[in-house]
Amino acid sequence: MKKTNYISFLVALVVLSGCLTTQKITSPPQSTSMTFEASKAKVWELLVEGVGLSYPILAIERESGLLTTSFVDIDAGWGNRNMSLYVYPPKMFLATWDGLRMKMNILVTEAVKGKTHVQIRTHYDAFETNLTKSWQVCQTNGSVENNILASIK
């Protein structure tokens, strides 16, 4: 009887150890803000040009330095297999994904004459199709923001 219990325990331990997953090591997020050695007018011009060509602008307020985009769908591949290029994929039990969208709020400020700070806040949602059948908020990895800032630089 004791031997049967011992074998059952070992079998259960082996089966359960197969269910454990390892956490993927992810790189730290890239920069989502930057200060430029240029006037606000010059940075604003480059920002509007760079963002406006790729993302639909919803609101643009030059005086306050606020630029907002509409949601845009991102092609993340079948089942969002390329989602990690843009966000840290949400951890959900039995989740399947089909759809990724994002919008941006960008703030441009010139605290000191000739030094302009640009801060980009991006909101990402991924559509979960198995259990919740709803949009789930995702954390950005900063890649889109960093590319925009690099294009201004």
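Which side chain does the side chain of Gln-136 make a polar contact with? The side chain of Gln-136 makes a polar contact with that of Thr-132, at 3.3 Å. A polar contact is a pair of N or O atoms within 3.5 Å; within protein, one must be able to donate a hydrogen and the other to accept it, and residues adjacent in sequence count only if both atoms are side-chain atoms.

This is a predicted model, in which local features need pLDDT of at least 70 and side-chain atom pairs count only at pLDDT 80 or more, while totals for chains, interfaces and linings use all residues. Residues are numbered from 1 along each chain as its sequence is written, and side-chain values use heavy atoms, with hydrogens and water left out.

**Overall layout**

- The chain has 3 helices and 8 strands; helices (H or I, at least four residues) and strands (E, at least two) are DSSP runs, numbered from the N terminus.
- Along the sequence, the pattern is α-β-α-β-β-β-β-β-β-β-α.
- Of the 153 residues in the chain, 29% are buried; buried means under 20% relative accessible area, exposed over 50% and partly exposed in between, with a 1.4 Å probe and protein chains only.
- Among contacts in the chain with a separation of 6 or more, 63% are between residues 24 or more positions apart, where contact means heavy atoms within 4.5 Å.

- Gln-136 belongs to strand β8, which spans residues 134–140.
- Leaving aside residues up to four places away in sequence, Gln-136 touches Met-92, Trp-97, Tyr-124, Asp-125, Ala-126 and Glu-128.
- Lys-133 sits in the loop between β7 (115–128) and β8, and Lys-133 is exposed because its relative accessible area is 52%.
- Lys-133 has a positive phi of about 50° although it is not a glycine.
- Most residues other than glycine have a negative phi.
- Leu-94, in the loop between β5 and β6 (97–112), also is not a glycine and has a positive phi, of about 60°.

**Aromatic pair**

- The structure holds 1 aromatic pair.
- Phe-127 and Trp-135 form this pair, which is edge-to-face, with 5.2 Å centre to centre and 65° between the planes.
- Rings of Phe, Tyr and Trp (its six-membered ring) pair if their centres lie within 6.5 Å; planes under 30 degrees apart count as stacked, over 60 as edge-to-face and the rest as tilted.
- Phe-127 counts as partly exposed because its relative accessibility is 22%, and Trp-135 counts as partly exposed at 34%.

**Second largest pocket**

- The second largest pocket holds about 190 Å³ of space.
- On a 1 Å grid over the protein atoms alone, a pocket is an open set of points where a 1.4 Å probe fits, with protein on both sides within 12 Å along at least five of seven lines; lining residues have an atom within 4 Å of a point.
- Grid points are joined across faces, edges and corners, and a volume is the space filled by probe spheres set on the points.
- Its lining includes Arg-81, Ser-84, Met-92 and Trp-97.
- Arg-81 lies in the loop between β4 (72–74) and β5 (87–88), and Arg-81 is exposed, with a relative accessible area of 58%.

**Asn-141**

- Asn-141 is in the loop between β8 and α3 (143–152), and Asn-141 is buried because its relative accessible area is 10%.
- The side chain of Asn-141 reaches the backbone oxygen of Ser-84 at 3.0 Å.
- A polar atom of the Asn-141 side chain also lies 3.0 Å from the backbone nitrogen of Ser-143.
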